Amino acid sequence: MPRTCLLLIVLLAGCPEYNLQGPETKPDVPIDSDLPVDTEPPVDTQDTQPPPDEEECNGEDDDGDGQVDEGFEDSDGDGVADCVDGDCDVDEHPGGEVEVLEACTGDVPPVISDPWNVSIEWQYRTGGSGVIVMPAVGNLTDDNGDGLINDNDDPDIAFTEWGTGELIVLHGDGSGEVFKKSGFNGNAGVTIADVDLDGEPEIIALTSSGAVAAVDGAGNQKWTSSPSLNLGYYPQPAVADLDADGDVEVVFDRAVLAGVDGSTLFLLSGISTSWRTPVLADIDADGTQEIILGEKVFDHTGAVEWGISSAGSGNFAAVADVDGDVGGEVFFLTGSKMYIHEPDGTVITDVGIPGSNPGPPAVADFDGDGAVEIAVPANRSISVWDVSGAMIWTATISDPSGLAGCSGYDIDGDGAYELLYADEAMFRIYDGATGTLLYSNSSHSSGTLWEYPVIADVDRDGSAEIVIASNSGSWNGITVFGHSGSGWQASGPTWGTHDFAVTNLNADGSVPSPAPLPWTIHNVFRARPMVDNNGSADLAIFLEDVCVASCETGPAKLSFGVANQGGLDVAAGVSVALYALDAGAELLVDTLYLDEVPSGAVIAGGTFELHPDDWGPDGILLRVDDDGAGVGIISECDEDNNDYEYADGICG
């Protein structure tokens, strides 16, 4: 959307002065030989005034006649002689401030005065062995009667029953079952997402025959994959548009399937780890997503990018940003070790952890210092670490078999996340900064696989709930905890996938394409803030200055500024694309990359240098958060204000 000078004034930059024309040439005065007879002859000044200096080609008026470098060739007709027309300069924006738009600031939750006044809101007991998988929360029923199934409806909870193999869906308000469907694998997890792009979410689950199935909210099986997938133990699904082509892929353990019909696209190979869950994220910010499974990182085609060599029987991952660059770092837990890797596999941190058989970790700001920490559950202990490998605290747990996961939630709204964990004997809430046990309930028990507590406003009452699975003792099934006074914030209504990072699934179940980089928005993994919308970035770009040295040989230059009108900072590495405009076509000229753009700041974005022939006949277009192929990496408050179009020509 083109910017105007008025917008540039708001951004503390005046309309630029374009250095496109040289000084105006003084016209020659014609000699008239037919002077009247009474005209006085000219005064002879030869003996009273010095002769004028001889004009040189130096960009100056040497002979004092008001013209610069007259008599020297100006092949491009720009008013500047060729001998000095070799370069030009543009001004850069000096930087400044811009007003942050209120719509981009998000909500600020209040601090809860009695956050540990916890109660059980409702429970569901299965007829079999209970539930040993993460319950997925999403919208599967048209509760408001508008003919649509989306985030305006009340959430539902889906899971498989461990003993009977039933796929069960419950109303999130505790009012009962939506449906039960037999023929599924109770050891395999589920995901709720719109994988076939029909506008309504499906449940992705594994059948008892080993095939992946997509089931709608009424229990109808929409498609079923080949059963010959040879999946790992207790497999889990995840979904993403891996190649950013608009279609959704289902990654169920090692099988990568087309979301539209369940056809097999490819199978991942070479994984030695038996216990694992997939994590999908564009860790190198190249516009396509990686698949992290077991001890390996695959690209979107299934090719191995890198892996770790010392993997244990279980290997679980998380992704987040630890160093402020545009990519995401990979956290691996395996055996008795924790690793943190750069997107290319370079090891940042390598440290031993107390315990063994660790489960899926959670990443969040557990101590409220503004940086992320990682929570590590590992059979006999649960601990929180900073990214340098220093342990902040540890506490004893009871999970002899190991592998249970954990999650994070800022329950009391103080800016530090609490740590949620359900082991074989107890459900616990820890203070994320100190490890102090804030709440526990010993009626829960489980054999534990890699399930973990999920957080969502499952009944849409404006207060979040915590949902856990149990599979032994009196709690065989699902338990929903809430604040006794409905004081917890709403958090968000859904938690649809095991590799939850808030932004990798939309609240209505749709799969974002291209997916934003989660760490540029919330920087949490298997965790969520009290409200999902804690603000968002909003980048706007504008032209600052233009110049051309020669319309034949160049160079031409243009400088631009970038403003962040949003409530979140934008990390360094966001790209800006320059396009030539020609009869409706956008022809890529070049791309540049930005430094950090803090919230409420205007920065000098950079300078493009190009040949005048690169300038489009209909002008040029600047677009921020565009890698040159139309792909951006950040989710913005307003995605429609990233363009600045300049229709004027640069020569002639």
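Buried stands for under 20% relative accessible area, exposed for over 50%, and partly exposed for the range in between, with a 1.4 Å probe and protein chains only. The model is predicted: local features need pLDDT of at least 70 and side-chain atom pairs count only at pLDDT 80 or more, whereas totals for chains, interfaces and linings use all residues. Residues are numbered from 1 along each chain as its sequence is written, and side-chain values use heavy atoms, with hydrogens and water left out.

**Overall composition**

- The chain contains 1 helix and 41 strands; both are DSSP runs numbered from the N terminus, helices being H or I of at least four residues and strands E of at least two.
- Of the 652 residues in the chain, 56% are buried.
- Among contacts (heavy atoms within 4.5 Å) with a separation of 6 or more, 61% are between residues 24 or more positions apart.
- The chain has an accessible surface of about 25000 Å², and carbon and sulfur atoms account for 47% of this surface; the areas come from the Shrake-Rupley method with a 1.4 Å probe, and for residues only the protein chains shown count as cover.

- Beyond its neighbours within four places in sequence, Phe159 is in contact with several residues, among them Tyr124, Val131, Val133, Leu167, Ile168, Val190 and Ile478.
- Val131 is located in the loop between strand E2 (118-125) and strand E3 (136-138), and its relative accessibility of 0% makes it count as buried.
- With neighbours within four places in sequence set aside, the contacts of Val131 include Phe159, Thr160, Ala469, Asn471 and Ile478.
- The C-alpha atoms of Val131 and Gly163 are separated by 8.3 Å, and the two residues are 32 residues apart along the chain.

**The open sheet E7-E8-E9-E10**

- An open sheet is formed by 4 strands in the order E7-E8-E9-E10, with antiparallel pairing; two strands pair if DSSP finds at least two bridges between them.
- Strands E7 (191-193) and E10 (221-224) stand at the edges with a single partner strand each, so one side of each has no neighbour in the sheet.
- On average, neighbouring strands of this sheet are turned by 25 degrees against each other, direction ignored; the axes are lines fitted to C-alpha atoms, for helices over the stretch in contact, and angles run from 0 to 180 degrees between N-to-C directions.
- E7 and strand E8 (residues 202-206) run antiparallel and are joined by 3 bridges, and Thr191 has Ile204 in E8 as its bridge partner.

- Strand E25 (residues 381-386) and strand E26 (residues 391-396) run antiparallel and are joined by 5 bridges; Trp385 stands opposite Met391 in E26.
- These strands, E25 and E26, form a hairpin with 4 residues between them, and Gly389 in the turn has a positive phi of about 100 degrees.
- Asn379 is found in the loop between strand E24 (373-378) and E25, and it counts as buried at 14% relative accessibility.
- A polar atom of the Asn379 side chain lies 2.8 Å from the backbone nitrogen of Ser356.
- Apart from neighbours within four places in sequence, Asn379 is in contact with residues including Gly355, Ser356, Asn357, Ile397 and Pro400.

**Strand E39 and its partners**

- In strand E39 (residues 601-610), 7 of its 10 residues are buried, and the strand is thus mostly covered.
- Strand E1 (residues 96-97) runs antiparallel to E39 and is joined to it by 2 bridges; the bridge partner of Glu97 in E39 is Ala601.
- Strand E36 (residues 556-564) pairs with E39 in the antiparallel sense over 8 bridges, and Lys557 stands opposite Glu609 in E39.

- Gly573 lies in the loop between E36 and strand E37 (575-582); at 22% relative accessibility, it counts as partly exposed.
- A distance of 5.5 Å separates the C-alpha atoms of Gly573 and Leu594, which are 21 residues apart along the chain.
- With neighbours within four places in sequence left aside, Gly573 is in contact with Val326, Tyr593, Leu594 and Ile633.

Technical notes. Polar contact = N/O pair within 3.5 Å; in protein donor to acceptor, adjacent residues only side chain to side chain.
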